[in-house]
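Subject: Handover of a structure

Dear colleague,

Please find the structure below, together with its sequence. My findings follow it, and I would be grateful if you read them with the structure open.

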Amino acid sequence: MGNNKYKVLIIEDDRNIASFVQTILETNGYQVLTAERCRQGLLVYSSHIPDLVVLDLGLPDLDGEVFIRQVRTSSMVPIIVLSARTEESDKVSALDLGANDYITKPFGTAELLARVRAALRTSRIQAAMPGSTFTVGDLLIDYDRRQVSIGGQPVHLTQTEYNILALLSQHTGKVMTYSAIIQAIWGTMDDGSIKKLQVNMANIRKKLGCRPGDNRYVTNELGVGYRMVDE
Ligand code: CA
């Protein structure tokens, strides 16, 4: 019974937050492991191999980014970063290092549980055989033909627009930062890159039939990047 529960490792030195997260997760059927320091977190990680990690960035011994860098050399375990508002730029670099998502403190029960479920779902999708198509709702991306359709109707994207959408779909559920997308699509980043990306994204949304504020397929993570939704 107990051993088919998802194991979540919480690495957080603030005991109030750690016990808040632990209580929510245990109440909802997750098994919880905790660590208060980065090095301890790495040890617990390698001895228990959890299904998900909730990671504070500001840890007393080492920066939480050390944890991400270390674990990403061998594992795609979903990592959700907890960040304070004063750590905005840290959040972006944590995502670029391979964190899947972030939650800004203070956060509520519903938000935490939604992020945890989404991150676990993403890791199950990635573990499945890579398919040659991607679907979410009525959107279909055919990677072999490089074609996008909605409800069977073709959507005519430029090469760049297609590349951006395909890239996001290959990281469904994960926030991709502006710089990660720009590096992948154009190779280099300059002053106009973010604007160029935003213009392309506006065109993609329009072609997908999304009005402003409609997050059906891609959500806009303000000031951070974009995320392809997974349901
Ligand atoms: Ca902290």
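Asp-144 is found in the loop that runs between strand 7 (139-142) and strand 8 (147-150). Please keep in mind throughout that this is a predicted model. Asp-144 has a relative accessible area of 63%, and because exposed means over 50%, this residue counts as exposed.

Thr-104 belongs to strand 5 (residues 101-104). Its relative accessible area is 12%; since buried means under 20%, Thr-104 is buried. Leaving aside residues up to four places away in sequence, Thr-104 touches Ser-83, Ala-84, Arg-85 and Lys-91.

The next subject is the metal site. Which protein donors does the calcium ion have? They are Asp-13 (OD), Asp-56 (OD) and Gly-58 (O), and they lie 2.2 to 2.3 Å from the ion. Along the chain, the spacing of these donors is D-x42-D-x1-G. Asp-13 and Gly-58 link distant parts of the chain, being 45 residues apart. Asp-13 sits in the loop between strand 1 (7-11) and helix 1 (15-27), whereas Gly-58 sits in the loop between strand 3 (52-56) and helix 3 (64-72). The relative accessibility of Asp-13 is 30%, so this residue counts as partly exposed. Gly-58 also counts as partly exposed, because its relative accessibility is 36%.

Finally, I turn to the protein chain as a whole. The chain contains eight helices and twelve strands. Its C-alpha trace spans about 50 × 45 × 30 Å along the principal axes. For 231 residues, a compact globule would have a radius of gyration near 17 Å, and the 18 Å of this chain agrees with that. Of the 231 residues, 48% are buried. Among contacts with a separation of 6 or more, 59% come from residues 24 or more positions apart.

Yours sincerely,

A colleague

Key:
Residues are numbered from 1 along each chain as its sequence is written. This is a predicted model: local features need pLDDT of at least 70, side-chain atom pairs count only at pLDDT 80 or more; totals for chains, interfaces and linings use all residues. Side-chain values use heavy atoms; hydrogens and water are left out. Donors are N, O and S atoms within 2.8 Å of the metal (3.2 Å for Na, K and Ca); water is not among the atoms, so sites may look incomplete. Helices (H or I, at least four residues) and strands (E, at least two) are DSSP runs, numbered from the N terminus. Buried means under 20% relative accessible area, exposed over 50%, partly exposed in between (1.4 Å probe, protein chains only). The radius of gyration is taken over C-alpha atoms; the globule rule is 2.2 Å times the number of residues to the power 0.38. Contact means heavy atoms within 4.5 Å.
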